[in-house]
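Subject: Structure for you to look at

Hello,

Here is the structure I promised. Please open it alongside this note and follow the residue numbers as you read.

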Amino acid sequence: MLKNIIFSALVFLVIHYLIVFFSPPNWLGAPQNQWQANMIRAENLILSDTYFEKIIVGSSLSVNLNYGQFDHTWSNLSFSGLSIYEGLEIIHHLEQKPKYLFIEINVLLRDKDTFFLEHLFNPIKYPIKKKLSILKESQQPVSLIGEPLLYHLIRKLMPSNKSNNNPKIVDIKKELVQKMSKDYDIVPIDKIQNQIALLKKLLTPIENHGTKVILFEMPIDQALCNTPLTIAIRQAIKNAFPQYFFIEHPDCTEYSTSDGIHLDHDSALKFVNYFKDKIQQI
């Protein structure tokens, strides 16, 4: 019985290795959920031998600032459902720090997820993954084969509808923005000060390695763009870090979101162009 189990495991590992080995170099495994998508994004940086000169740290608001819109010197450590602090902790683990570090400020108040970092830098799994790439999240069999095939199948079967002007979608967005606006009217002064202090603590050792820090704010729905909370965070950042280049959000009326805070596809592309123009001034 034990021999059969061991033999089956070895066969599975060989098949897994062959799938990874014969996959095209640019074939990226499709994440099965948000957690795995975040893990893949992190592992693409920390398990890579490539040096990334410019790194973006952000939340789900910055996820769409993806690799396809920047050259190979960029990496994006924006995580859906997480904060900016996970990305900064990951930067601490890098032997060679980036030349430029771009930090989104929109979710300054969101707390760090220590469980995500503990899982990522598991003292047993992490060293093994650095040696065996087939154990990376992006190289899992379901990610490599099942999910991409399912994704393409769904795209063929489901009608494409990129428009956010559908009356039902517009109504849902309006309701979401109205609910969020109540939270955006509240300014937790103590929380802002605590998070500013944490950000300073995390940035000091990174700066000591010669990294240039740039802060930026993503545009969101025009109804939320200049609320008491967003204004308070923006001003606190400027007061605490006057030495950093700060990329102000563009005119929010010129951008569309899918839910009030996340840019839709076209607006994300538009912001990338704005972002690239601004960093030319650094």
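First, a definition: axes are lines fitted to C-alpha atoms, for helices over the stretch in contact, and angles run from 0 to 180 degrees between N-to-C directions. Helices (H or I, at least four residues) and strands (E, at least two) are DSSP runs, numbered from the N terminus.

This is a predicted model: local features need pLDDT of at least 70, side-chain atom pairs count only at pLDDT 80 or more, and totals for chains, interfaces and linings use all residues. Residues are numbered from 1 along each chain as its sequence is written, and side-chain values use heavy atoms, with hydrogens and water left out.

**Overview**

The protein chain has ten helices and five strands. Of its 282 residues, 44% count as buried (under 20% relative accessible area, 1.4 Å probe, protein chains only). Contact means heavy atoms within 4.5 Å. Among contacts in the protein chain with a separation of 6 or more, 75% join residues 24 or more positions apart.

**The α8/α9 pair**

Helix α8 covers residues 189-207 and helix α9 covers residues 228-240. Their axes come within 11 Å and cross at roughly 40°. From α8, I192, I196, L199 and K200 meet A232, I233, A236, I237 and A240 of α9. That contact divides into eight nonpolar residues, no polar ones and one charged (here Ala, Val, Leu, Ile, Met, Phe, Trp, Tyr, Cys and Pro count as nonpolar, Asp, Glu, Lys and Arg as charged, and the others, Gly among them, as polar).

**The core**

A nonpolar core is a set of buried Ala, Val, Leu, Ile, Met, Phe, Trp, Tyr and Cys residues joined through side-chain atoms within 4.5 Å. The largest one has 69 residues, and L88, I90 and I237 touch the most other members. Leaving aside residues up to four places away in sequence, I237 touches I105, L108, I196, L199, L215 and F246.

**Helix α3**

Seven of the nine residues of α3 (residues 85-93) are buried, so this helix is largely enclosed by the rest of the structure. They are Y85, E86, G87, L88, E89, I90 and I91. These residues pack against α2, β1, β2, β3, α4 and α8.

**S59**

S59 lies in strand β1 (residues 54-59). S59 counts as buried because its relative accessibility is 0%. Beyond residues up to four places away in sequence, S59 touches S78, F79, L82, E104, V107 and R110.

Best wishes

Notes:
Buried means under 20% relative accessible area, exposed over 50%, partly exposed in between (1.4 Å probe, protein chains only).
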